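Biologist: Could you take me through this structure, starting with charged side chains and then moving on to helices, rings and cores?

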Amino acid sequence: MARILIVDDEPRIAEPLMYALEREHFSVSHVALGEDALSRLGSEKVDLVVLDVGLPDINGFEVLKRLRQTSEVPVLFLTARQEEVDRILGLELGGDDYVTKPFSPREVVARIRAILKRLAPREQDSLWQLDEAGAQILCKGQALSLTRSEYRILAAMIQHPGQVFSRAHLLDICDSDEDSFERSVDTHIKTLRAKLKPLQADALIATRRGIGYYLENP
């Protein structure tokens with residue numbers, strides 16, 4: 001469930017938007033001031049911020065400038081301003097999208113979904129850390145104890161998520177005298193899944209029956 005923070009001092013704007021997001025199964029919180037938003041973002045995990053430009057204490061552009069010093073959380077601007085220069089400024093400061101008032105809450109929900117979908121590959125990056133120089137792979141920050149062949153197989157999958165690798169292809173990737181039969185690949189996959197199971201990531205190595213194996217996005 002994605003966590004959304006709405007920063008807007010107008011109840012007539014914030015309340016319908018909160019209702020629309022909650023109906024779509026988002027977890028929603030709301031503050032009316034920019035300083036309160038920065039305080040909450042400094043102590044809580046939020047997946048996306050809906051940020052009004054015209055706040056009563058500090059404007060949304062200043063909130064974003066200060067936020068970007070410590071966080072890359074995606075931001076969708078809400079504003080009554082329609083001038084192109086304001087839209088450009090918001091995006092140049094690191095905003096991800098821009099909606100002018102009046103707007104449909106359903107449109108904002110759709111834009112939020114689009115932003116989160118576009119940024120989803122970042123989750124893959126944070127799940128796996130590949131250190132090619134040190135021949136080391138971390139999953140959820142935990143270093144994996146891998147054989148040479150296991151490392152080569154998993155590294156190839158991380159670099160090409162979603163690509164289906166045949167047993168013959170993975171055998172070539174192993175490039176080991178000990179791996180002379182395609183069935184040895186099945187053994188490596190089984191062992192990899194066992195090593196990933198304590199981290200609840202074993203199911204990410206999926207099987208395409210009759211073809212081979214691939215790494216799913218989380």
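Biologist: How do the side chains of Lys65 and Glu62 meet?

Modeller: Lys65 and Glu62 meet in a salt bridge, with 4.0 Å from N to O. The term means a side-chain nitrogen of Lys or Arg within 4 Å of a carboxyl oxygen of Asp or Glu. This is a predicted model, in which local features need pLDDT of at least 70 and side-chain atom pairs count only at pLDDT 80 or more, while totals for chains, interfaces and linings use all residues. Residues are numbered from 1 along each chain as its sequence is written, and side-chain values use heavy atoms, with hydrogens and water left out.

Biologist: Where do Lys65 and Glu62 lie?

Modeller: Both residues are in helix 3, 3 residues apart, or about one turn of the helix. Helices (H or I, at least four residues) and strands (E, at least two) are DSSP runs, numbered from the N terminus. An α-helix has 3.6 residues a turn, so residues three or four places apart point the same way.

Biologist: How accessible is Lys65? And what about Glu62?

Modeller: Lys65 is partly exposed, with a relative accessible area of 44%, and Glu62 is also partly exposed, at 29%. Buried means under 20% relative accessible area, exposed over 50%, and partly exposed in between (1.4 Å probe, protein chains only).

Biologist: Which residues of helix 3 are buried?

Modeller: In helix 3, which spans residues 60–67, the buried residues are Gly60, Phe61, Val63, Leu64 and Leu67. They line one face of the helix, because they fall within an arc of 160 degrees when seen down its axis. That arc is taken from the directions from the helix axis to the C-beta atoms.

Biologist: What caps the N-terminal end of helix 3?

Modeller: Asn59 does, through a side-chain oxygen 2.9 Å from the backbone nitrogen of Phe61.

Biologist: Back to the charges. How many salt bridges are there?

Modeller: The count comes to 15. Lys101 pairs with Asp8, for example, with the closest N and O atoms 3.6 Å apart. Lys101 lies in the loop between strand 5 (97–100) and helix 5 (105–118), and Asp8 in the loop between strand 1 (3–7) and helix 1 (11–23), so the pair ties together parts that are 93 residues apart in sequence.

Biologist: Are Lys101 and Asp8 buried or exposed?

Modeller: Both are buried. Another salt bridge joins Glu24 and Arg113, whose closest N and O atoms are 3.1 Å apart. That pair also links distant parts of the chain, with Glu24 in the loop between helix 1 and strand 2 (27–31) and Arg113 in helix 5, 89 residues apart.

Biologist: Which residues are linked in a network of salt bridges?

Modeller: The network consists of Asp8, Glu10, Arg12, Asp52 and Lys101.

Biologist: A new topic: how many aromatic pairs does the structure hold?

Modeller: It holds 2 aromatic pairs. Phe61 and Phe77 have ring centres 5.3 Å apart and planes at 75 degrees, so this pair is edge-to-face. Phe61 is in helix 3 and Phe77 in strand 4 (residues 75–79), 16 residues apart. The rings of Phe77 and Tyr98 have their centres 6.1 Å apart and their planes at 55 degrees, so that pair is tilted. Rings of Phe, Tyr and Trp (its six-membered ring) pair if their centres lie within 6.5 Å; planes under 30 degrees apart count as stacked, over 60 as edge-to-face and the rest as tilted.

Biologist: Which residues form one aromatic cluster?

Modeller: Phe61, Phe77 and Tyr98 form it. Phe61 is buried at 6% relative accessibility, as are Phe77 at 0% and Tyr98 at 9%.

Biologist: Finally, which residues touch the most other members in the largest nonpolar core?

Modeller: Trp128 and Met157 do, among the 27 residues of that core. Helix 7 gives the largest share, 7 residues. A nonpolar core is a set of buried Ala, Val, Leu, Ile, Met, Phe, Trp, Tyr and Cys residues joined through side-chain atoms within 4.5 Å.

Biologist: What does Met157 touch?

Modeller: Leaving out residues up to four places away in sequence, Met157 touches Phe165, Leu170, Ile189, Ile205, Tyr213, Tyr214 and Leu215. Contact here means heavy atoms within 4.5 Å.

How values were computed:
A polar contact is a pair of N or O atoms within 3.5 Å; within protein, one must be able to donate a hydrogen and the other to accept it, and residues adjacent in sequence count only if both atoms are side-chain atoms.
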